[in-house]
Amino acid sequence: MTAVQILILLTIGYIAMTIDKKQKNFPLPVFLVAIGFGLSFIPYFDSINISKEVIYNIFLPGLLFASAYHYSASSLRKHVKVIGTLSTAGLLVTAILLGLATYWMGASIEMTWVGALLVASILTPTDPVSVVSILEKSLDDPSVADILDGESMINDGTSVVLFTVLLTMFTKQQSFEFWPFLGDFLSVSIGGIATGVVAGWIVSKAVHLSTQRESQVLLSIIIAYGAFHLAEAFGFSGVLATVAAGIMLSAELERASEEEMHRESLNGFWEVAEPGLLAILFLAIGIVAADYLLAFDYWLLAIAIFFVSIGTRFIVIAGTMQLFSGYRELVDVKKASLLSWAGIRGTMSIFLLLSLADAADSSADVLVSLGFAVVFLSLVVQSIGIYPLSKALDK
């Protein structure tokens, strides 16, 4: 991807944001993906390719940190039990149920049990992006949007851990063993969170000592990418470390007497950087996805898995809400349906698909194309349907 192509993508992203400022009926991510898909037919953009390393090391830390930093620490404390359950145990249950369904439906393409679980792990992380703002506008209680936003940040990290363990089993043709898997899952996750909390606390103190805005912004960039790579160096989850660092920084700023001044400095940078990263990423996703989608022959299977994934998510969300007092009334069947539909697959799922394509042999090509098809359906169908569905269920 050349500098000129990056500038062109940024310009297209700016135009797309200007066309639909409210982003209700046609949210920005699906708009950008559709444009990117169209650009794939123009020879000039053939050379645009986005690797898993670029997504993981450049785009994800910045986007995750921006989301975590803007997420209210008080909201996390309020909903920590529900968010924690959905993004850990709920994610595992979702992957197992969806894996069982995918294994049964994928008999026609001779899908293995571990292969089905691998596809399910790719489809478990959610990426609300503009969906959260739509939910906040259409629902009378912001708690529902807070739960979705908090869950999506954390399950991005836990899904990577789940995928990594299953990918090792798939490439080495190992059988699935639950207890070793659970041990790896917990150690990598807890280590990443601990690294992020410590790093976020240290940098928050440094931000208080800095008087120049430029220095404060620089510190936020250091913590966004530093916590990520530090955790990865220790063998922990860099994604969870970045999320934990962002939330920790936000929590510490809430306690500061000069919170407004500090946030003004940081917001001035991240509120510009975030849409820029999103524009380039989703346009590139549309361009890259075209290669996999145009030659795909199992669209009926992809459609079936897409709807089953939403149904599975509904079962897990509705069941989780029954475990905690107060949430049975807050999240009824209608709101559980809305949360299920709002669980759009996006950036993290694309990274996991590219990782699978890079790590496995040609036997995984069908799984990669199948995953791209389901993610594409999720981006298009769920993004377009979220606003009318929220208004219909609100009646």
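Because the model is predicted, local features are given at pLDDT of at least 70 and side-chain atom pairs at pLDDT 80 or more, whereas totals for chains, interfaces and linings use all residues. Residues are numbered from 1 along each chain as its sequence is written, and side-chain values use heavy atoms, without hydrogens and water.

The structure holds three salt bridges, a salt bridge being a side-chain nitrogen of Lys or Arg within 4 Å of a carboxyl oxygen of Asp or Glu. One of them joins E151 to R313, with 2.9 Å between the closest N and O atoms. E151 lies in helix α8 (residues 143-171) and R313 in helix α13 (residues 299-321), so this pair ties together parts that are 162 residues apart in sequence. Helices are DSSP runs of H or I with at least four residues, numbered from the N terminus. Both partners, E151 and R313, are buried. In the terms used here, buried means under 20% relative accessible area, exposed means over 50%, and partly exposed covers the range in between (1.4 Å probe, protein chains only). E151 counts as buried because its relative accessible area is 4%. Apart from neighbours within four places in sequence, E151 is in contact with I83, L86, S87 and R313, where contact means heavy atoms within 4.5 Å.

K52 takes part in salt bridges with E53 and with D358. In the pair of E53 and K52, the closest N and O atoms are 3.0 Å apart. E53 is partly exposed, because its relative accessibility is 39%. Between the side chains of K52 and D358, the N to O distance is 3.8 Å. This second pair links distant parts of the chain, with K52 in helix α3 (residues 52-70) and D358 in helix α16, 306 residues apart. D358 has a relative accessible area of 53% and is therefore classed as exposed. Returning to the salt bridges as a set, E151 and R313 form a pair at 2.9 Å, while shared partners join K52, E53 and D358 into one network.

Helix α3 also contains V54. At a relative accessible area of 30%, V54 is partly exposed. The C-alpha atoms of V54 and A360 are 19 Å apart in space, and these residues are 306 residues apart in sequence.

Helix α16 (residues 347-359) packs against helix α6 (residues 113-122), their axes coming within 9 Å and crossing at roughly 145°. The axes are lines fitted to C-alpha atoms over the stretch in contact, and angles run from 0 to 180 degrees between N-to-C directions. On α6 the contact is made by L118, S121 and I122, and on α16 by S349, L352, L353 and L356. By class, the contact comprises five nonpolar, two polar and no charged residues. Ala, Val, Leu, Ile, Met, Phe, Trp, Tyr, Cys and Pro count as nonpolar, Asp, Glu, Lys and Arg as charged, and the others, Gly among them, as polar.

Helix α5 (residues 89-105) gives the most to the patch, with four residues. L100 is in helix α5 and is partly exposed, with a relative accessible area of 45%. A34 is in helix α2 (residues 28-39) and, at a relative accessible area of 40%, is partly exposed.

Two further buried residues were examined. W341, in helix α15 (residues 333-341), is buried at 17% relative accessibility. Leaving aside neighbours within four places in sequence, the contacts of W341 are I310, V381, Q382, G385, I386 and L389. W341 and L389 are 48 residues apart along the chain, with 8.7 Å between their C-alpha atoms. L240 lies in helix α11 (residues 238-254) and is buried at 3% relative accessibility. The C-alpha atoms of L240 and I280, 40 residues apart along the chain, are separated by 23 Å.

Terms used. Helices (H or I, at least four residues) and strands (E, at least two) are DSSP runs, numbered from the N terminus.
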